[in-house]
Amino acid sequence: MATNAPIPGGSGEIPPITPSRPIIPETPSEISASSNSLQPPPSSSDTDRIYIPSYSRWFSWNEINECEVRSLPEFFDSRSSSKNPRVYLYLRNSIIQQYRDEHPQKISFTDVRRTLVGDVVSIRRVFDFLDSWGLINYSSSASAKPLKWDDKEAVASEPPSTVKESAKRICNGCKSVCSVACFASEKYELTLCARCYVRGNYRVGINSSEFKRVELSEESKTGWSEKETLLLLEAVMHYGDDWKKVASHVTGRTEKDCVSQFVKLPFGEQFAKDSDSEDALETFNQIKGSADPESEGRVKDGSSSPDNKRMKLTPLADASNPIMAQAAFLSALAGTKVAEAAARAAVTALSDIDHEAGKNAGGDPNGQEINGNNSERAVAEAKSLLEKEEKEVEGAIREIVEVEMMKIRDRIVHFEKLDLEMERSRKQLEEMKNLLFTDQLNIFFHTRRSRKAEDRAEC
Amino acid sequence: MKASGKGPVKFRMPTAENLVPIRLDIQFEGQRYKDAFTWNPSDPDNEIVVFARRTVKDLKLPPAFFSQISQSIQSQLADFRAYEGQDMYTGEKIIPIKLDLRVNHTLIKDQFLWDLNNFESDPEEFARTLCKDLGVEDPEVGPAVAFAIREQLYEIAVQSVSSARESRLSKKSRRGSDYGSASKASGLSMDLVKLFSFKSSVVRKRKDLDVYEPMVDLLTNEEVDALEAREERHAR
């Protein structure tokens, strides 16, 4: 059956809708006849939000769209009396409702057809139609629920991978266990760890937008103590990118835990240790302040810096340069504000390290001092930059003023010329008036004289 | 309105949708797969393969089930199609349909009359309404009810074909009215005339009330286990 191929695009949102069946709803109820509103209810938690692709925006709970009529003509050509639009609505709405009840788990065709009254081939067609348009099974993770098996005598019935939604996910690309963040594509049933995703380590022909980000990292059971955080920061400063050494320095944490914790730290913390620096504190407060209203507006969980995890990767993600890819990955994990602040801090730190390398030949191992020098230097540089800018601005203003003055001068000259012209023409006019007057007088005298002469001639 | 003892019709399911009830019960390597659903025989045969593959994938069955499932569906469809060319006599047939099924935790017992002659009847619609009216919460009950009704209709239709064949073989040139009596002899149908004669009223007799009332029961887990164990024993 020919279906209109949906064009992959962005994604919209549908608020959850109360079911028509007497099933206990666990989602907050919001009845809406048309599902086109893009305003999610602010109180709903993350798992209750269901996404459909933007090309399926036509879907409406009580109406049948043209593309449905086209794709599934059997229900609309009145060839058979029990395949009518009402039955189609019943099938379609039941399938979608069932999916939403099961969300975030996927539903399979067999689940659906067992609960629907109708012939299985038609049900399958409706199911496939909804699946291809992303109205079901679009935003779910790839794990399936445990099966209801009829056999009690079976020896090895349950397949090992589906029992519970296990936390361990194996990346299809590099065959390693993903724990920080995952990218899953339901369409192709692939799971990639963040690294493989960013590196583009998947099949040709799959678009990077097909993947949905699945956040897996949980706050570890014990939580990070101050001591551990301090150790972590020290280790990072010493060893930089070598996470193995960092992990060994922070005893009791795996590499991945260290990375995730480090990324979660607001970067102002590094500078906040040295209370002289104001800039750093400001950026820290900035991050905190901007992150909080964002996170309140979106998600109910308590973590401040990494907010809503459902954002797509930045366009840099596809870059073949691995360093850029890693930077993109980290910035995606951390959130935009934190990434900005981190970049700024990194730049200043780098420039200061350059200065340091030039000056201190012996090297200054104490990390705190370097930090203090860095921040002081940063302040001084900032001041000088400010002055320079002021001067530039002044110069620019001066130039503008001069140009304006010249313009005015030109105009004045122009007006003066005009004035002269006016005077001249006025004078001309006066002369002409005089001439006219004398001419008129002459004529008058002449006429008088001639009339007098006529009178005399007549007598 | 069709007169009694009308001519033979080509075999088909006496419902609006000519759907075939398909039952699957496959045992393989210690795993048992039981299922029941309705199939539209006018769908092309490649749908069988698609369906079998989908089912095996969704239920994560071992791949050997795939061929078994498709074979089973094929053979049941072939049986159905074998009957299709033949005649069946329905006559004035009002038959009682009995429901006695257990789906997960829900037990349904019911009996009602069904007009076999009504080729516009819709077991699916009946099942949907039944479940809605009785407040059945388990969504799997509806399809099971529709399937049970269909199965019984199918059996009776098949019987009418074979009885028609028998009577044709035994008695050569008979009028249509005799076929009506032949079908009456099967004992399943009720005589409309008797039912609606001036002697008896249309209202059901009191002793029959309990029989014709639907009963829905919700079982506890232990009862379910007990019943399942009993069914297993019967199956062996």
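Helix α2 of chain B, residues 64–84, is 21 residues long and spans 31 Å between its first and last C-alpha, close to the 30 Å expected at 1.5 Å a residue. The model is predicted.

**Helix α2 of chain B**

- The buried residues of α2(B) are B:Phe65, B:Ile69, B:Ser70, B:Ser72, B:Ile73, B:Gln76, B:Leu77 and B:Phe80.
- These residues lie on the same side of α2(B), because the arc they cover around the axis is only 160°.
- The loop between α1 (46–59) and α2 of chain B contains B:Lys60.
- For context, most residues other than glycine have a negative phi.

- In general, the strands of a sheet pair through backbone hydrogen bonds.

**Pairing of β5(B) with β6(B)**

- The antiparallel strands β5(B) and β6(B) are joined by 10 bridges.
- B:Pro96 has B:Leu113 in β6(B) as its bridge partner.
- Another bridge into β6(B) pairs B:Ile94 with B:Asp115.
- The two strands β5(B) and β6(B) form a hairpin, with 2 residues between them.
- B:Asn104 is in the turn of this hairpin and has a positive phi of about 50°.
- The loop that holds B:Asn104 runs between β5 (94–103) and β6 (106–115) of chain B.
- B:Asn104 counts as partly exposed, at 30% relative accessibility.

**Strand β6(B) and its pairing with β7(B)**

- The pairing between β6(B) and β7(B) is antiparallel and has 4 bridges.
- B:Lys109 stands opposite B:Met215, which belongs to β7(B).
- Strand β6(B) is largely enclosed by the rest of the structure, because 7 of its 10 residues are buried.
- B:Asp110 is part of strand β6 of chain B.
- With a relative accessible area of 8%, B:Asp110 is buried; the cut-off for buried is under 20%.
- Beyond its neighbours within four places in sequence, B:Asp110 contacts B:Ile97, B:Lys98, B:Leu99, B:Leu130, B:Tyr212, B:Glu213 and B:Pro214.

**Chain A overall**

- Chain A contains 13 helices and 7 strands.
- Of the 459 residues in chain A, 35% are buried.
- Considering contacts in chain A between residues at least 6 apart in sequence, 59% join residues at least 24 apart.

- Helix α2 of chain A covers residues 85–102.
- Its end C-alpha atoms are 25 Å apart, in agreement with the 26 Å that 18 residues should span at 1.5 Å a residue.
- Buried residues of α2(A) include A:Val87, A:Tyr88 and A:Leu91, and also A:Arg92, A:Asn93, A:Ser94, A:Ile95 and A:Ile96.
- Also buried in α2(A) are A:Gln97, A:Gln98, A:Tyr99 and A:Arg100.
- A:Val263 is located in helix α8 of chain A, residues 255–264.
- A:Val263 is counted as buried, at 12% relative accessibility.
- Not counting residues up to four places away in sequence, A:Val263 touches A:Leu330, A:Leu333 and A:Ala334.
- A:Val263 and A:Ser331 are 68 residues apart along the chain, and their C-alpha atoms are separated by 8.8 Å.

Terms used
Residues numbered from 1 in each chain as written. Chains lettered and ligands numbered in written order. Predicted model: local features only at pLDDT ≥ 70, side-chain atom pairs only at ≥ 80, totals over all residues. Heavy atoms only, no water. Expected span 1.5 Å × (residues − 1). Buried < 20%, exposed > 50% of the residue type's maximum accessible area, 1.4 Å probe, protein only. Arc of directions from axis to C-beta. Contact = heavy atoms within 4.5 Å. Pairing = 2+ DSSP bridges.
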